[in-house]
Amino acid sequence: MTTSWSDPAVCAGFDEYADIPEQVLGYRTVFNALELARPERLRVLDYGCGPGKVSERVARRFGKPVLAVDSSATMLDIARRKRPHPLVEYRHISDSLVGLVEDHSMDVAMTCYVFINIGSEPLIRRIVQEVYRTLKPGGSYAILDTNPDTTGVEFSTFRNGAPGRRYRHGEQREVLLRVPGKNEHLVLLDHHWPKEMYLSALRDAGFRSIDFLQPTLSSLPREEVQPPGPPGVTEWRSEWTTPPFIIFKATK
Ligand SMILES: C[S@@+](CC[C@H](N)C(=O)[O-])C[C@H]1O[C@@H](n2cnc3c(N)ncnc32)[C@H](O)[C@@H]1O
């Protein structure tokens, strides 16, 4: 069993989760890697947009049109209701962009915390190939996921996997998210994909200039590091020295 992204309670819990570590150490790195501020970065694909938090931020901060796609109608319903934006188009998909996005039409693409939710490596590879198809030559792609090498570590708002456990390729691991105002964790079931899986999926799809990042708070300029802030979580934890996320950047 994997997390059910059609379950309204799961979708609402994820929507309420205050994604502060993700913003500071994940999405910001993705936005920088994709150079979203550059004027020629015109069309953005957000594959697996969930409740639209990231798509809406890209539209608001960078003024770029975003095609935000997801396989969960429940998530898209939250996104359309809570994060409508004139530059964001939310669309439902079933593992393919065929018929929705033409070849070589996107400038940049991202998949944030999507592949950890997919239990099938062939499906992940198909999605990476599909993203490759839709990007223009020279277009950039970023993948952001939780770090398979820091399972069991307590971060300020989540723990990914159990302490002391080692996970096999594709194995399920439990993720505990602290949701503001809730006494119980939101429990998700992710899949464990070693870094090599991402690298080979990108290489085999045809991507080049593949780069890999795993920032910690210590690696950021001091002025960019504020206390995490969500109610009930006022201090950073292992994020100072242990990278909670991995980011792959690649070029078509
Ligand atoms: C953890 S949420 C992340 C949402 C968003 N990217 C973010 O960072 O806030 C994972 C999302 O991936 C979507 N997803 C999972 N498998 C998918 C697939 N095969 N195709 C499209 N979306 C998928 C889920 O429906 C869910 O909305």
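This is a predicted model: local features need pLDDT of at least 70, side-chain atom pairs count only at pLDDT 80 or more; totals for chains, interfaces and linings use all residues.
Trainee: How many bridges join strand E1 to strand E2, and which way do they run?
Mentor: Four bridges join E1 (residues 44–47) to E2 (residues 66–70), and the two run parallel. Strands count as paired here if DSSP finds at least two bridges between them.

Trainee: What's the strand order in the open sheet of seven strands?
Mentor: The order is E3-E2-E1-E4-E5-E10-E9, and the pairing is mixed. E3 (88–92) and E9 (208–213) stand at the edges with a single partner strand each, so one side of each has no neighbour in the sheet. On average, neighbouring strands are turned by 15° against each other, direction ignored.

Trainee: Which strands does helix H4 touch?
Mentor: H4 (residues 73–82) packs on the sheet and touches E2 and E3, with its direction at about 160° to that of E3. Contact means that the C-beta atoms of two residues, placed from the backbone, lie within 7 Å. Axes are lines fitted to C-alpha atoms, for helices over the stretch in contact, and angles run from 0 to 180 degrees between N-to-C directions.

Trainee: How do H1 and H4 cross?
Mentor: The axes of H1 (residues 8–16) and H4 come within 9 Å and cross at roughly 40°. That makes H1 oblique to H4. For the cut-offs, under 35 degrees is roughly parallel, over 145 roughly antiparallel, 65 to 115 roughly perpendicular, and the rest oblique. The crossing of H1 with H4 is right-handed, where right-handed means the near helix is turned clockwise from the far one by less than a right angle, and left-handed means anticlockwise.

Trainee: Which residues make that contact?
Mentor: Pro8, Cys11 and Asp15 from H1, with Thr74, Met75 and Ile78 from H4. By class, the contact of H1 with H4 has four nonpolar, one polar and one charged residues. The classes: Ala, Val, Leu, Ile, Met, Phe, Trp, Tyr, Cys and Pro are nonpolar, Asp, Glu, Lys and Arg are charged, and the others, Gly among them, are polar.

Trainee: What about H5 and H6, how do they cross?
Mentor: Their axes come within 9 Å and cross at roughly 45°, with H5 at residues 121–134 and H6 at 195–205. H5 and H6 are therefore oblique to each other, and their crossing is right-handed.

Trainee: Switching topic: how many residues surround the ligand?
Mentor: 18 residues, the closest being Trp5, Gly48, Gly50, Ser72 and Cys112. A residue is near a molecule or strand if its C-beta atom, placed from the backbone, lies within 6 Å of it. The shell around the ligand has ten nonpolar, five polar and three charged residues.

Technical notes. Residues are numbered from 1 along each chain as its sequence is written.
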